[in-house]
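Open the model in your viewer and keep the sequence panel beside it. The stops below are meant to be followed in order.

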Amino acid sequence: MSDPGAPAADRADGPSVVLAIADGVATITLNRPAALNALTIPMKERLLAALAEVHADARVRAVVLTGAGRAFCAGQDLKERLAPDPPPLDDELRLRYNPIVRAIRDLPQPVVAAVNGVAAGAGASLAFACDLRIAADTASFVLAFGRIGLVPDSGATWTLPRLVGAARASEMALLGDPVSAADALQMGLVSRVVPADALAAEAAAIAGRIAGLAPGATTATKRLLGGAFDHDLDVALAAEAAAQAAAGAHPDHAEGLAAFVEKRAPRFRGG
Ligand code: LHQ
């Protein structure tokens, strides 16, 4: 499927966003490699549609978000912004970028960003919105917004300080220097760095492990962690207790206990 009205890079390389679902794992691939997977309007709409499809599919228990070619995502397609009458920037954010970030955060399934190359501008913001980030040793993160006279967006001013702390977030946002995969690992922006040719397998393995967990408990864990910096301890303790009551009442908890005493792997059913 390709867009007749889309930029050449979309038409040449097929759909600008590819969704593949297998064994409980959805892999969403940003696919405009000739433009470093820079985001056009049709591509953002496809990404949002893919996220909605994944949200609605109870078979999917983990998601991998990655890029085709040598980049993860170079952010907004700047050439699209230079076309006559581009949409106002705030419309672009409200109608497309913000819903994508919200959709990632609201997915019941954890999302693993497999950062295969440069993640720039809103491309970095997308990675920051995910639950886990693993990177190829060739990857980098660039908050390129300032260079073109813009502010960090798509949630970066909210996610980045939570991930790396205020000091490092301020350096990245204000100076805009590329952060290598090794530095990203050191500052906790990513949790693993692997050789580039091992990234897809590593991401699939992590997502596969998540897909084997009890889905209800996994979703609740994502929610509890997602609220971690917004609540005080008492709210967090109460939220954990409520989530634990729900998880404990689910047959998957009984299955986990049975598997433990029977010394076998659990078979979680979800639902
Ligand atoms: C691109 C892009 C690109 C188009 C590489 N667009 N073609 C903004 C406005 C609207 C709404 C709200 O949000 C935002 C948020 C944002 O995302 S603003 C930030 C936008 N992104 C950037 O400023 C990054 C621009 N790109 C770069 O700085 C470099 O390309 C990076 C550092 C990503 C990679 O550098 P290189 O590895 O040296 O690759 P390159 O620059 O040679 O790019 C390869 C091709 O990809 C090239 O096309 P060409 O036809 O000349 O081979 C670039 O034009 C194209 N490309 N980024 N964002």
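The tour goes from the domains to their interface, then to a helix and the ligand.

Before selecting anything, note that this is a predicted model, in which local features need pLDDT of at least 70, side-chain atom pairs count only at pLDDT 80 or more, and totals for chains, interfaces and linings use all residues. Residues are numbered from 1 along each chain as its sequence is written, and side-chain values use heavy atoms, with hydrogens and water left out.

**Stop 1**

**Stop 2: the interface**

Now show the residues where the domains touch: 13 in domain 1 are in contact with eight in domain 2, contact being heavy atoms within 4.5 Å. About 770 Å² is buried between the two domains, and carbon and sulfur atoms give 49% of that area. Buried area here is the accessible area (1.4 Å probe) that two parts lose on being put together, summed over both. On the domain 1 side, select Arg105, Pro108 and Arg162, which lose the most area to domain 2 and together make up 51% of what that side buries.

A salt bridge is a side-chain nitrogen of Lys or Arg within 4 Å of a carboxyl oxygen of Asp or Glu. Between the domains the count is two salt bridges.

Next, display α4 (89–106) and α6 (156–164), each of which supplies at least two residues of the domain 1 side. Helices are DSSP runs (H or I, at least four residues), numbered from the N terminus.

**Stop 3: inside α4**

Select Glu92 and Arg96, whose side chains meet in a salt bridge (2.8 Å, N to O). Both residues lie in α4, four residues apart, about one turn of the helix. The structure holds 14 salt bridges.

**Stop 4: the ligand**

Which residues come nearest to the ligand? Of the 25 around it, these are Arg70, Gln76, Leu78, Ala122 and Asp153; a residue counts if one of its heavy atoms lies within 4 Å.

- Arg70: a polar side-chain atom is 2.8 Å from a ligand oxygen atom.
- Gln76: a backbone N or O atom is 2.8 Å from a ligand nitrogen atom.
- Ala122: a backbone N or O atom is 2.9 Å from a ligand oxygen atom.

Methods. Polar contact = N/O pair within 3.5 Å; in protein donor to acceptor, adjacent residues only side chain to side chain.
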